[in-house]
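Please read the points below alongside the sequence and the structure.

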Amino acid sequence: AWRLFPPTAALLLVCHLLAAEFPSEDIFLVTASPVIKAVTNFKQVSKTLEEFDVEEQPSSLLEKRYPNIRVIQSGVKQLKSDEHKIYTEDGKEYIYEKLCLCAGAKPKLIVDGNPYVLGIRDTDSAQAFQKNLAQAERIVVVGNGGIALELVYEIQGCEVIWAIKDKAIGNTFFDAGAAEFLLPKLTAESQETPMECKRTKYTVEGSEEKGRPPGASDKLGSALGSDWHEGLHLKGTKEFSHKVHIEVLCEVKKIHLQQEFIQLQQTSLTFPKGEKNVEADEGECHSVEVAGNELASPSEYEQHKVCSEYSLCAHFVLMAQGWPHDFNLPNFLLQMRLWTQARQMGWYAAKCMAAEALGESIDMDFSFELFAHITKFFNYKVVVLGKYNAQGLGSEHELMLRCTKGHEYIKVVMQNGRMMGAVLIGETDLEETFENLILNQMDLSAYGEDLLNPDIDIEDYFD
Ligand SMILES: Cc1cc2nc3c(=O)[nH]c(=O)nc-3n(C[C@H](O)[C@H](O)[C@H](O)COP(=O)(O)OP(=O)(O)OC[C@H]3O[C@@H](n4cnc5c(N)ncnc54)[C@H](O)[C@@H]3O)c2cc1C
Ligand SMILES: NC(=O)C1=CN([C@@H]2O[C@H](COP(=O)(O)OP(=O)(O)OC[C@H]3O[C@@H](n4cnc5c(N)ncnc54)[C@H](OP(=O)(O)O)[C@@H]3O)[C@@H](O)[C@H]2O)C=CC1
């Protein structure tokens with residue numbers, strides 16, 4: 001019955017599920033954001049892989065749908081858990097019986113308050129970035145996570161210096177082999193035109209500031225989620241498509257304003273060995289999200305049902321309600337700050353709250369058995385499953401690869417003849433088969449390298 005509700009992100013899912021389960025209870029959704037993020041076009045790709053679009057909708061839609069939900073649009077500035085009270089930025093206070101915190105992560109900028117350093121997190125910051133980019137000839141993108149990876153591909157007409165701490169691009173999702181496979185897309189002369197926005201997005205009327213109540217914090221917008229760049233015009237002042245220089249093994253330590261930078265050069269101050277300086281135009285961008293939100297301390301997280309984006313301890317607290325109490329994560333589960341995981345956590349948090357209220361026990365949800373993520377990078381379909389980067393396997397594992405340049409990249413991680421994880425780039429059609437092989441831990445030793453032989457239809461063997 002839980003599945004009857006439309007899938008949404010963490011917080012929304014909690015509301016949907018509780019509102020329907022307890023129609024006579026008042027449910028308050030307290031949010032700093034004037035919009036809610038709803039999941040639309042949901043598609044179950046396989047047992048654990050889900051595909052969907054994320055759409056902004058006015059929060060009033062939720063109230064229309066469930067009469068027992070009231071949306072309070074204000075930031076929560078204080079939580080007093082011993083008194084069961086929250087205080088909001090508009091000066092009001094609310095008493096609660098049960099509380100679920102889903103306050104998301106908060107962006108971490110290299111420096112705060114520098115007008116040339118932008119972080120991308122929500123609709124406002126993405127629009128601010130677009131505006132700055134339109135006047136820029138050269139920018140620096142700092143970071144090697146999902147946001148940077150998407151950004152460098154989408155930006156056109158602007159020189160990009162991409163500073164990454166690692167040796168290869170996209171190391172959150174890939175290994176160096178996959179990075180090599182993807183790189184030609186960055187240097188391709190005629191890059192595909194970015195896709196049109198395939199859905200309408202709700203935007204607060206007038207300027208982005210208009211929808212905010214006075215005094216509301218400007219740092220609490222919702223994370224954008226999948227396809228966040230669609231509909232944005234990410235173009236600089238130049239006519240070329242791509243010009244990306246990748247600066248590897250590079251951690252950004254300091255950022256100087258242009259004047260300072262010129263002065264440093266004029267006084268011919270030498271930078272310490274190993275340090276580099278890079279001159280950039282306006283619109284330097286840094287996109288890093290940090291897990292957790294300061295609203296609650298770890299002990300408060302423990303007292304409440306938490307499905308925030310998420311200190312691991314919070315995650316464990318929730319999970320512990322349905323799992324054996326040794327707090328071990330299931331074999332193939334990884335923690336990543338992704339929409340799918342937020343959705344699953346929201347759903348599970350609500351399930352735990354409802355079960356507690358009804359005095360019932362709960363089963364562990366199937367989706368927690370395997371880490372599975374489907375997305376798009378550089379216009380390729382990308383699927384990552386289980387321990388796709390051999391996370392936690394030490395040196396006792398083998399990798400098998402199949403790669404056809406410009407077409408597909410397949411990597412499987414094997415241990416003792418069993419499949420532990422996989423990366424699938426391109427239209428491989430192998431996700432369901434590999435998902436099953438990871439979950440059922442079948443001994444595949446007999447197949448050896450044929451497991452990835454393109455002349456053998458592997459699906460027929462195992463489906
Ligand atoms: C630019 C960008 C692109 C992304 N792209 C993808 C992608 O392609 N695929 C993917 O799987 N994931 C992606 N992610 C990650 C994904 O968006 C997050 O994992 C997901 O949104 C987390 O959901 P959440 O409900 O935990 O938190 P959030 O979506 O951040 O929601 C938290 C909510 O809490 C509110 N809030 C916070 N503090 C307070 C307070 N004190 N008082 C009141 N309200 C408060 C915020 O306003 C917000 O509405 C992306 C993230 C970013 C920033
Ligand atoms: N298509 C998708 O699936 C997408 C998913 N997302 C998800 O949204 C969340 C937020 O995205 P994002 O912020 O990109 O994720 P990450 O936190 O993974 O990326 C931040 C990156 O910045 C690097 N970094 C931090 N400080 C410095 C510095 N001073 N100098 C150089 N590099 C630095 C980090 O390196 P280090 O880790 O070594 O500190 C890391 O590579 C993530 O969970 C991401 O997976 C986002 C966009 C698209």
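A polar side-chain atom of threonine 375 lies 2.7 Å from a nitrogen atom of ligand 2 in this predicted model. Of the 910 Å² of accessible area that ligand 2 has on its own, the protein covers 81%. Two or more residues of the shell around ligand 2 come from each of α4 (146-154) and β17.

**Surroundings of ligand 2**

- Glutamate 150 places a polar side-chain atom 2.9 Å from a nitrogen atom of ligand 2.
- Isoleucine 147 approaches through its backbone, where an N or O atom lies 3.0 Å from an oxygen atom of ligand 2.
- There are 21 residues around ligand 2, and those that come nearest are Lys165, Val252, Arg337, His373 and Thr375.
- Sorted by class, the shell around ligand 2 comprises 8 nonpolar, 8 polar and 5 charged residues.

**The sheet that contains β17**

- An open sheet of 5 strands runs in the order β17-β18-β21-β20-β19, and its pairing is antiparallel.
- Because β17 (372-377) and β19 (398-404) each have a single partner strand, they stand at the edges, and one side of each is left without a neighbour in the sheet.
- On average, neighbouring strands of this sheet are turned by 15° against each other, direction ignored.

**Pairing of β19 with β20**

- Strands of a sheet pair through backbone hydrogen bonds, in either a parallel or an antiparallel manner.
- β19 pairs with β20 (residues 408-415) in the antiparallel sense, over 7 bridges.
- Cysteine 403 stands opposite tyrosine 409, which belongs to β20.

Definitions and conventions
Residues are numbered from 1 along each chain as its sequence is written. Chains are lettered from A and ligands numbered from 1 in the order in which they are written. This is a predicted model: local features need pLDDT of at least 70, side-chain atom pairs count only at pLDDT 80 or more; totals for chains, interfaces and linings use all residues. Side-chain values use heavy atoms; hydrogens and water are left out. Two strands pair if DSSP finds at least two bridges between them. Helices (H or I, at least four residues) and strands (E, at least two) are DSSP runs, numbered from the N terminus. Axes are lines fitted to C-alpha atoms, for helices over the stretch in contact, and angles run from 0 to 180 degrees between N-to-C directions. A residue is near a molecule or strand if one of its heavy atoms lies within 4 Å of it. A polar contact is a pair of N or O atoms within 3.5 Å; within protein, one must be able to donate a hydrogen and the other to accept it, and residues adjacent in sequence count only if both atoms are side-chain atoms. Accessible areas come from the Shrake-Rupley method with a 1.4 Å probe; for residues, only the protein chains shown count as cover. Ala, Val, Leu, Ile, Met, Phe, Trp, Tyr, Cys and Pro count as nonpolar, Asp, Glu, Lys and Arg as charged, and the others, Gly among them, as polar.
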